[in-house]
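Biologist: Can we go through this one together? I would like to start with the pockets and then look at some side chains.

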Amino acid sequence: MIALNVSSNELSAGSLHPDTLGKAVEAIRRDGFVVLENVVSLDSIAVLREKALEDVKALLARPDAPFNFNTGNLQQDPPPFPPYLFRDVLVNDFVAQVTGALLGPGVKNAFYSGNTALPSDACQPVHPDVGQLWSGMDTASPAFGLVVNVPLVDMSATNGATELWPETHTDTTKDVFNDIKVSVEDLDRWRNRTTPLQPTVAAGGVVIRDIRLWHRGMPNHSDQPRPMIAMIHWVRWWSDMAPLKFPRGTEALFEHPILNTHAVFVDGPIDYLHSPQAYDFQPTESR
């Protein structure tokens with residue numbers, strides 16, 4: 001696992017050194033992911049964490065609570081309005097440098113949600129979020145989408161850090177038309193080539209991963225929920241997405257020289273607590 005400690009000089013400059021940027025890009029191309037440490041303010045994290053933990057109760061009270069695969073993993077949107085909008089989360093300079101270098105001019109964020117690992121022994125099935133654009137290729141295409149995860153608490157195997165399968169973003173057998181769940185046979189095939197891991201990431205760090213990388217939500221053995229924000233940065237030509245909604249008057253926050261935000265700015269309230277929907281959840285499970 002490549003975890004890059006962004007230096008005080010880089011933080012002051014608001015820019016990664018070319019060597020750091022090169023290491024981050026190479027790690028994602030080779031392993032499928034990288035960790036950038038200390039790039040989000042702990043003040044921003046604290047505000048979002050407090051609100052996320054409060055909102056867990058409201059989401060669980062929904063009769064259609066938005067579980068992903070099982071009752072241990074909750075889809076959870078952050079509030080898309082002040083005082084919960086932060087530039088170092090939504091348009092982070094260091095993250096944008098990395099995703100822009102991989103995805104090219106016009107890179108855009110078109111997803112702002114997250115997931116919370118609830119105290120549970122449940123595991124998700126191993127899956128990519130999106131398969132390959134073309135199946136049966138000898139070599140996988142370059143990255144076209146990158147997931148940006150911002151943990152709101154210190155994250156480790158103890159409290160349900162997402163399990164990652166290094167290099168599986170290069171597997172060309174699963175395309176966008178397949179069921180995203182990975183078969184036992186494919187898992188066995190890859191166990192001979194890679195070792196899955198659950199990265200330890202302190203609050204303030206960010207995980208950037210190729211959207212094709214195999215991964216799964218893992219048990220949270222602590223007694224507290226583990227909230228994590230998720231964004232997806234896409235190449236400029238990707239069009240299968242609805243615009244994000246933010247309040248009119250917040251447009252300036254999203255202005256950035258590298259990263260575009262696929263958004264509309266609206267008047268009136270935004271009901272973010274009813275936006276997340278369950279994914280492949282088996283309703284016979286008990287909470």
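**Pockets and side chains**

Modeller: Keep in mind that this is a predicted model. In the lining of the largest pocket, 24 residues are nonpolar, 14 are polar and 5 are charged.

Biologist: How much space lies in the largest pocket?

Modeller: The volume is about 1200 Å³. The lining has 43 residues, and those closest to the centre are Gln75, Phe111, Ser113, Gly114 and Ile232.

Biologist: Which strands supply at least two residues of that lining?

Modeller: Strands E4 (70–75), E5 (108–117), E6 (145–151), E10 (226–234) and E11 (244–247) each do. E5 gives the most, with 6 residues.

Biologist: And what volume does the second largest pocket have?

Modeller: About 180 Å³. Its lining divides into 5 nonpolar, 4 polar and 3 charged residues. Among them are Ile28, Arg29, His169, Asp210 and Arg212.

Biologist: Changing topic. Where is threonine 168 found?

Modeller: Threonine 168 is in the loop between strand E7 (163–164) and helix H6 (184–191).

Biologist: Is threonine 168 buried or exposed?

Modeller: Buried, because its relative accessibility is 0% and the cut-off for buried is under 20%.

Biologist: What does threonine 168 touch?

Modeller: Leaving out residues up to four places away in sequence, threonine 168 touches Trp190, Arg212, Leu213 and Trp214.

Biologist: Now charges. How many salt bridges are there in the whole structure?

Modeller: A search finds 13. Side chains of opposite charge can pair when their charged atoms come close.

Biologist: Which residues are linked in a network of salt bridges?

Modeller: Glu26, Arg30 and Asp31 are. Arginine 30 meets glutamate 26 at 3.8 Å, N to O, and aspartate 31 at 3.0 Å, N to O.

Biologist: How far apart are arginine 30 and glutamate 26 in helix H2?

Modeller: They are 4 residues apart in helix H2 (residues 18–31), so about one helical turn separates them.

Biologist: How accessible are the residues of that network?

Modeller: Arginine 30 is partly exposed, with a relative accessible area of 38%. Glutamate 26 is partly exposed at 39%. Aspartate 31 counts as buried, because its relative accessibility is 10%.

Biologist: And helix H6, what pairs up there?

Modeller: Arginine 189 forms a salt bridge with aspartate 186, with the closest N and O atoms 2.9 Å apart. These two are 3 residues apart in helix H6, so they are separated by about one helical turn. Arginine 189 is partly exposed, at 32% relative accessibility.

Conventions. Residues are numbered from 1 along each chain as its sequence is written. This is a predicted model: local features need pLDDT of at least 70, side-chain atom pairs count only at pLDDT 80 or more; totals for chains, interfaces and linings use all residues. Side-chain values use heavy atoms; hydrogens and water are left out. On a 1 Å grid over the protein atoms alone, a cavity is a set of points where a 1.4 Å probe fits but cannot get out, and a pocket is an open set with protein on both sides within 12 Å along at least five of seven lines; lining residues have an atom within 4 Å of a point. Grid points are joined across faces, edges and corners, and a volume is the space filled by probe spheres set on the points. Ala, Val, Leu, Ile, Met, Phe, Trp, Tyr, Cys and Pro count as nonpolar, Asp, Glu, Lys and Arg as charged, and the others, Gly among them, as polar. Buried means under 20% relative accessible area, exposed over 50%, partly exposed in between (1.4 Å probe, protein chains only). Contact means heavy atoms within 4.5 Å. A salt bridge is a side-chain nitrogen of Lys or Arg within 4 Å of a carboxyl oxygen of Asp or Glu.
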